[in-house]
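Here are a few exercises to work through with the model open in your viewer. Try each task before reading its solution.

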2 protein chains.
Amino acid sequence: MAFRKQGLGELEALVLLRRALDTPKRAPVVLGIGDDCALLSVGAGLLAWTIDASIEDVHFRRAWLGLDDVGYRALQAAVSDLAAMGAEPIGALCDLTLPPQTSRRKLALLAKGQAKAAQELGCAILGGNIARGPVIALSTSVLGRCRRPLRRDGARPGDELWLIGDVGLSALGLALCQRKRSRSAAERVCIAAWKRPRALLGEGRALVGRAHACIDVSDGLAGDAGHIARASGVALVIDEVALGRVLRPELRAVCEKLGRDPTRAALYGGEDYALLAAGPARRRPRFARVVGRVEKGRHVWLERADQTRVRLGGGFDHLG
Amino acid sequence: MAFRKQGLGELEALVLLRRALDTPKRAPVVLGIGDDCALLSVGAGLLAWTIDASIEDVHFRRAWLGLDDVGYRALQAAVSDLAAMGAEPIGALCDLTLPPQTSRRKLALLAKGQAKAAQELGCAILGGNIARGPVIALSTSVLGRCRRPLRRDGARPGDELWLIGDVGLSALGLALCQRKRSRSAAERVCIAAWKRPRALLGEGRALVGRAHACIDVSDGLAGDAGHIARASGVALVIDEVALGRVLRPELRAVCEKLGRDPTRAALYGGEDYALLAAGPARRRPRFARVVGRVEKGRHVWLERADQTRVRLGGGFDHLG
């Protein structure tokens with residue numbers, strides 16, 4: 001928090017960069033700064049293009065993750081941005097930073113995790129860069145193809161709010177990794193959610209033609225809902241009762257043990273790589289669970305069982 | 001050097017990654033790991049795609065560079081890979097890592113440098129990612145278009161070896177930045193070469209249809225010549241007299257002052273972002289200077305005035 005007072009927060013930094021770097025769009029650029037991916041019109045369809053970071057002591061600690069997990073989740077996290085656009089992966093480039101004393105065995109383990117994710121996702125790593133640095137860091141750029149991309153800015157009043165995948169588990173998994181204790185089955189589910197997230201590519205593609213807007217939940221449900229609300233110029237209302245119904249029993253079990261509130265864990269977890277979409281009821285796919293609705297207005301709101309509403313703050317601040 | 005004994009060198013790491021990550025090429029991938037860019041067949045032409053790192057205390061020190069220089073050179077360096085393939089930029093994504101206490105003013109300066117390079121190169125920054133980290137680090141991914149890419153693996157015995165742009169100045173510039181003295185005009189030329197490199201995009205495109213192979217000189221002429229030799233299965237012979245003729249007088253002046261050998265400075269400098277190409281004499285463009293030839297065999301050789309040859313070792317090792 002000291003930093004946020006002295007320095008600048010993520011949203012402030014993004015606004016600054018957007019102002020400094022945004023230029024009039026020139027073909028083949030269809031969409032620049034401000035969504036999960038940039039969009040380019042090349043050939044028959046569109047290309048979706050993104051970049052994502054995974055940095056030691058920021059996104060992970062080596063005490064808690066194997067280097068195979070590090071490689072695996074870095075690629076899944078990057079591809080999750082494609083899932084959010086309804087795109088299909090073409091391939092990835094990885095810019096890898098390694099500290100001195102990285103052994104051949106460690107690098108092999110990291111590459112093994114990347115290769116496993118690449119195979120599962122159908123997203124081969126096509127090249128990259130390697131450099132020395134103070135910590136292990138992976139910067140993964142991913143390209144995909146889509147015909148009709150799911151953007152953040154299409155949510156309309158009257159839409160349902162759909163959640164695809166689980167939220168909250170991953171952040172609990174991270175919290176559990178920081179304790180050394182015997183682990184229950186529910187705890188292992190949370191830890192697996194953190195260590196081995198999965199980009200919901202198939203679900204993202206199936207949302208095309210159904211959802212009006214979509215985002216992947218990487219910084220917490222509340223914060224990422226805020227991105228849709230801002231981009232679409234609408235209010236997003238999350239129904240606490242509906243959200244409660246879709247939370248995993250493992251989340252409740254672990255929350256009880258850790259003395260945490262399940263709704264809070266679901267809203268502010270982060271690194272879930274679930275999808276949050278907005279679309280009309282008649283087009284809801286079977287795998288989507290309704291957790292709220294889109295209304296005229298602004299901001300993200302949590303509606304309690306007694307109909308009272310509280311406005312929700314942002315998600316994880318990457319500079320906070 | 002301690003690291004190279006305990007850990008692993010760059011080439012060894014690249015071989016390991018290539019083995020772990022390389023998969024059979026599937027459409028639209030035309031070229032994966034192993035050249036300046038990956039190549040994808042999308043639409044009418046080819047896409048060239050690359051990623052490049054710029055890390056504080058590895059690629060630069062903040063005492064020696066303004067943050068505008070940091071932003072400027074990170075984009076130029078990444079786009080230089082497109083120049084080497086004869087490609088034209090479409091756009092860039094930047095994954096930016098910032099330490100705590102980064103002020104708004106500093107970020108604005110960094111973005112200003114990026115925006116200047118983006119404008120000069122016709123390569124808008126279309127998005128990216130922002131995260132906290134121990135040092136300033138930029139990972140820049142760039143996409144470009146080309147019809148007939150210049151690869152590393154096409155050099156043929158009988159080809160001339162062409163140098164486009166200057167080598168050696170940038171490394172001297174870096175060395176000069178580490179001393180605090182009044183600076184001569186020659187010294188300022190070297191420092192500018194390091195602080196404000198330029199990707200030779202126009203020259204790269206003009207080499208298409210003329211050169212059989214091309215690489216950008218980022219890790220030193222000797223090392224990057226080695227990449228062409230290995231990929232093409234040929235020997236590259238650098239003619240010391242011919243190389244001497246194309247070196248800038250400023251390089252000689254600064255070498256004399258610093259007590260360095262100009263040939264050595266030219267061969268092992270690094271961060272030049274010149275282009276090294278191989279092609280037939282009849283197709284040599286006017287801006288290319290002959291610095292040697294391609295022969296049957298292996299490795300990179302320096303041929304002295306007395307016709308004796310020494311085999312040249314690698315360039316800068318990013319993990320060394």
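**Exercise 1.** In which helix is the place of Ser80(A)? Then work out what surrounds this residue.

*Solution.* Start with the ground rules: this is a predicted model, where local features need pLDDT of at least 70 and side-chain atom pairs count only at pLDDT 80 or more, while totals for chains, interfaces and linings use all residues. Residues are numbered from 1 along each chain as its sequence is written, chains are lettered from A and ligands numbered from 1 in the order in which they are written, and side-chain values use heavy atoms, with hydrogens and water left out.

- Step 1: Ser80(A) sits in helix 3 (residues 67-85) of chain A. Helices (H or I, at least four residues) and strands (E, at least two) are DSSP runs, numbered from the N terminus.
- Step 2: Ser80(A) has a relative accessible area of 0% and is buried. Buried means under 20% relative accessible area, exposed over 50%, and partly exposed in between (1.4 Å probe, protein chains only).
- Step 3: leave out neighbours within four places in sequence, and Ser80(A) is in contact with Ala199(A), Asp216(A) and Tyr273(A). Contact means heavy atoms within 4.5 Å.

**Exercise 2.** How many residues of chain A are in contact with chain B? Go on to describe the interface.

*Solution.* 

- Step 1: 74 residues of chain A touch 73 residues of chain B.
- Step 2: the two chains bury about 6000 Å² between them, 72% of it on carbon and sulfur atoms. Buried area is the accessible area (1.4 Å probe) that two parts lose on being put together, summed over both.
- Step 3: two salt bridges turn up across this interface. The rule wants a side-chain nitrogen of Lys or Arg within 4 Å of a carboxyl oxygen of Asp or Glu.
- Step 4: Arg104(B) makes a salt bridge with Glu12(A), with the closest N and O atoms 3.1 Å apart.
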